[in-house]
Amino acid sequence: MDHSRSTVINQLAQQLMPAGVNSPVRAFRAVGGDPVVFESASGATLTDVDGNRYIDYVGSWGPMILGHSHPAVVEAVTEMAKKAMSFGAPHEGELLLAQKITEMMPHIEMMRFVCSGTEATMSAVRLARGATNRPYIIKFEGCYHGHVDSLLAKAGSGVATFSLPECAGIPPEMTANTLLAGYNHLYEVEQLFMKHGAQSAGVIVEPIAGNMGVVPPASGFLEGLRRLCTQYGALLIFDEVMNCFRVARGGATELTGVTPDIVCLGKIVGGGLPVAAYGGRRDLMQNIAPLGAVYQAGTLSGNPLGMAAGLATLNLLTPELYIQLEANCQMLEVGLKAAAAELNVPMQLNRVGAMLCCFFTPNPVTDTDSAMSTNRELFAKLFNGMLDRGVYLPPSALESWFVSAAHTPDDIQKTIEAFRISLQEAVA
Ligand code: PLP
């Protein structure tokens, strides 16, 4: 494949942006080689500036569940842009998207729109602390909640990928009220609550962890968190920035039956534009300014283009779409597992709905330590082999692969074939 124009653009970009990128994992440091520079995207296909085409399993890191540039979403955004780009004032689009969200996730009684998942989790933690008047937040090793200072401790893929155990620029006081437990290790949470229950504002968790590869909750884990939070008067925060509308139409609550007090939404909720939200019980959300004393604001919050893209996307997320998506994901899962088995490569494929990850390790992946045991060198070789064969995987062994409704059985068949050959080369 010719990547000459990509290389030139990347070299120029490196003069103006750190590593030439605007988010670290995009720099390909975990897999080697230069990042591909893209020009357009449609359905499940990405096209780079050299005209190469790829079947995409990044989906802009999750939002593109309908595939890229779905005509209905493009039309909604175009029509809105003709009317207004931003009001900085109320408009009907905010109400329509909020109504759609409560219809799909009835436990979200009230919400506030923000512009990124990071803002959503930061605000949710502030709300939990404000509503309980307690300082501590319990988070899990390997769960990433955006680059919020107080949550950037043991925070999964990006940080883990680059082996940065701590992030420079965060004084210890900023994480002093963050308590850490192992994901799927309920006993550790029980211990923290026994010691610090009266001081704990809440627990924040990715209900289906997606930032150390994909790690589903062990049986009883989320139920246990719910029980402990209720028992100690703390709030349960589900960070569904990645999970929402991806693991099921109604997100993790529909899938697991566990209802949190506060939910963070992102990615799919904005249909590819910078939209996120936090919400939950009405009595809690009434603590948000100007109704209550927890301040949170945003110049572009509720941006009309984002609301239009989000609504057009959610409107298309019908139960039938999830049936089709599940069939495609199953086909991919079965094919990838069969290819690894045929080549005698130890692999664990974890999948929940339309997010999946292949870990190259003989043992089941159920927590951070087992996730970290994946063979990253093998993944790097596989990644580059797949890229050469026109399949764009996330450029890190510890990221989720995202399948969209635009992937066809033919795309999936091609992916499985590219996987089989690339894996064979990688282990040779
Ligand atoms: N929470 C989770 C679970 C995420 O996966 C991410 C981003 O990947 C975030 C929060 C942060 O979202 P954003 O990148 O929009 O700030």
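The prediction comes with a mean pLDDT of 96 for the protein chain, and 97% of the residues reach 70 or more. One stretch stands apart from that picture: over residues 159-165, pLDDT stays under 50. The model has 14 contacts beyond four places in sequence for this stretch. Where pLDDT is low, though, the predicted coordinates should not be read in detail.

Seven strands line up in an open sheet with mixed pairing, and their order is 4-10-9-8-7-5-6. Strand 4 (110-114) and strand 6 (178-182) sit at the edges, each pairing on one side only. From one strand to the next, the twist averages 20°.

Strand 7 (residues 200-205) makes a handy entry point into this sheet. With strand 8 (residues 235-240) strand 7 pairs in the parallel sense, over four bridges. Within that pairing, valine 203 stands opposite leucine 236 of strand 8, and isoleucine 204 has isoleucine 237 as its bridge partner. Strand 5 runs parallel to strand 7 as well, and three bridges join the two; here tyrosine 136 is partnered with serine 200 of strand 7. To get from strand 7 to strand 8, the chain passes through helix 8 (residues 221-232), making a right-handed β-α-β crossover. Strand 7 is also mostly covered, with six of its six residues buried. Helix 7 (residues 186-196) lies across strand 5 (136-141), strand 6 and strand 7, and runs at about 150° to strand 6.

A further open sheet is built from four strands in the order 1-2-3-13, again with mixed pairing. Strand 1 (38-42) and strand 13 (391-392) have a single partner strand each, so one side of each is left without a neighbour in the sheet. Strand 1 meets strand 2 (residues 45-48) in the antiparallel sense, over four bridges. In this pairing, phenylalanine 38 stands opposite aspartate 48 in strand 2.

What about the interior? The largest nonpolar core has 76 residues, and those with the most contacts inside it are Phe245, Leu317, Leu336, Phe360 and Phe419. Helix 12 (residues 319-342) gives the most to this core, contributing eight residues. Apart from this core lies another one of 38 residues, which includes Leu192, Val203, Val258 and Phe359. Phenylalanine 360, one of the residues named for the largest core, touches a whole list of residues beyond four places in sequence, among them Val345, Pro346, Met347, Leu378, Phe379, Leu382, Phe419 and Leu423. That list also includes Ser373, Thr374 and Asn375.

Leaving aside residues up to four places away in sequence, histidine 3 touches Val36, Asp48, Asp50, Asn52 and Tyr54. Histidine 3 counts as partly exposed because its relative accessible area is 23%, which falls between the cut-offs of under 20% for buried and over 50% for exposed. Serine 123 is 120 residues from histidine 3 along the chain, and 41 Å separates their C-alpha atoms.

Several loops hold details worth a look. Glycine 169, in the loop between helix 5 (157-161) and helix 6 (172-175), has a relative accessible area of 74% and is therefore exposed. Glycine 169 lies 20 residues from aspartate 149 in sequence, with 8.8 Å between their C-alpha atoms.

Two residues have a positive phi although neither is a glycine. Serine 69, with a phi of about 50°, is found in the loop between strand 3 (53-56) and helix 2 (71-83). Its relative accessibility is 45%, so serine 69 counts as partly exposed. Asparagine 133 has a phi of about 60° and lies in the loop between helix 4 (117-132) and strand 5. At 73% relative accessibility, asparagine 133 counts as exposed.

Finally, a cis peptide bond joins alanine 289 and proline 290, with omega at about 10°. Proline 290 is placed in the loop between helix 10 (282-285) and helix 11 (304-315).

How values were computed. Residues numbered from 1 in each chain as written. Predicted model: local features only at pLDDT ≥ 70, side-chain atom pairs only at ≥ 80, totals over all residues. Heavy atoms only, no water. Core = buried A, V, L, I, M, F, W, Y, C linked by side-chain atoms within 4.5 Å. Buried < 20%, exposed > 50% of the residue type's maximum accessible area, 1.4 Å probe, protein only. Contact = heavy atoms within 4.5 Å. Pairing = 2+ DSSP bridges. Axes fitted to C-alpha atoms, helices over the stretch in contact; angles between N-to-C directions. pLDDT = per-residue confidence, 0-100. Right-handed = clockwise from strand over helix to strand, strands pointing away.
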